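Open the model in your viewer and keep the sequence panel beside it. Each stop below says what to select and what is there.

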Amino acid sequence: MVMSLDNLRGFALATSSSAFIGSSFVIKKIGLKKAGDVGERAGSGGYSYLHEPLWWIGMVTMILGEVANFAAYAFAPAILVTPLGALSIIFSAVLAHFILNERLHMFGVVGCVLCVVGSVDIVLHAPMEKKIDSVSEIWHLATEPGFIVYSCLAVAVALVLMFWVVHHTEQRKMLAYIAICSLFGSLTVISVKAVAIALKLSFNGVNQFVYVQTWFFIAVVIICCLVQLNYLNKALDSFNTAVVAPVYYVMFTILTIFANMIMYKDWDSQNATQIASELCGFVTIVAGTFLLHKTRDMGNTQPAPDSLRADCELQNHS
């Protein structure tokens with residue numbers, strides 16, 4: 001199946017985003033180590049890393065990655081862009097292997113290969129991006145009954161988890177935190193895509209910021225991102241990163257694809273074989289992600305700190 005030009009642009013942006021974000025984790029970690037040698041470490045509450053140029057280079061690299069990820073949604077459907085976020089884990093793992101001497105176990109290599117194979121499968125069978133000429137068209141899609149029902153259910157379930165489940169159970173608290181992040185994350189991606197398309201159209205000479213709907217989508221992005229960051233930090237602080245990371249990736253990606261399928265109807269133009277191929281690609285990425293996380297420390301004589309792995313999860317918020 002031949003990729004459309006817009007899908008190719010979205011793929012290039014999403015891949016470069018993963019490369020920037022994955023490398024930023026390694027650069028920041030080197031900066032944190034250097035700062036810890038001359039001042040109080042970040043893990044002990046110190047802020048000496050703010051004076052370390054390498055840490056700031058890592059932050060700039062991460063920002064570039066997030067900008068590229070944001071732009072990718074303007075060209076390609078979420079079913080193509082969102083799963084490619086797993087590639088940042090590969091970039092960080094490979095760079096850490098060669099630069100930080102955090103040895104990558106053989107099973108970790110297999111996990112990386114599975115992620116690449118799954119990504120290629122999704123890219124080759126991804127649906128073409130629908131042509132949208134204004135934010136008003138996106139607003140029309142967002143106010144159709146199907147997506148309104150999904151949005152209301154997502155918010156209602158998240159509120160129940162936030163104000164009841166989290167306070168009444170310890171066994172399911174991790175899943176509750178991740179579910180809250182994922183439910184709001186699916187709405188974030190929908191809104192990010194709307195804002196990205198508005199920017200693309202505005203740069204082409206058709207100003208979309210005169211519409212109140214554009215500002216509504218921007219507000220949704222800000223609110224949902226704040227909620228996501230809050231509960232993702234709770235999950236990472238309370239539970240093993242090797243468990244939180246893959247579970248969050250799977251739940252977030254499934255809900256994001258489901259939300260986009262309802263709103264943008266990405267699969268309407270595809271046959272059963274293409275949809276099955278995309279699902280197989282996603283399952284392959286999931287398997288690779290779990291394998292990579294589960295074997296992350298097997299190549300080291302001492303377990304590596306969680307800081308690098310925890311950072312990987314902060315790139316899937318849009």
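Colour the chain by secondary structure: read along the sequence, the pattern is α-α-α-α-α-α-α-α-α-α-α-α. There are 12 helices and zero strands (DSSP runs numbered from the N terminus: H or I of at least four residues for helices, E of at least two for strands). This is a predicted model, in which local features need pLDDT of at least 70 and side-chain atom pairs count only at pLDDT 80 or more, while totals for chains, interfaces and linings use all residues. Residues are numbered from 1 along each chain as its sequence is written, and side-chain values use heavy atoms, without hydrogens and water.

Next, select helix α9, residues 212-238. Its 27 residues should span 39 Å at 1.5 Å a residue, and the end C-alpha atoms are 40 Å apart, which agrees; the expected span is 1.5 Å times one less than the number of residues. Buried residues in α9 include F217, V220, C224, V227 and Y231 (buried means under 20% relative accessible area, exposed over 50%, partly exposed in between, with a 1.4 Å probe and protein chains only). Residues three or four places apart point the same way, because an α-helix has 3.6 residues a turn.

Now select I180. Which residues does I180 contact, leaving aside neighbours within four places in sequence? They are A158, L161, M162, V166, V227 and Y231, where contact means heavy atoms within 4.5 Å.

Finally, select F20, in helix α1 (residues 5-38). F20 is partly exposed, with a relative accessible area of 34%.
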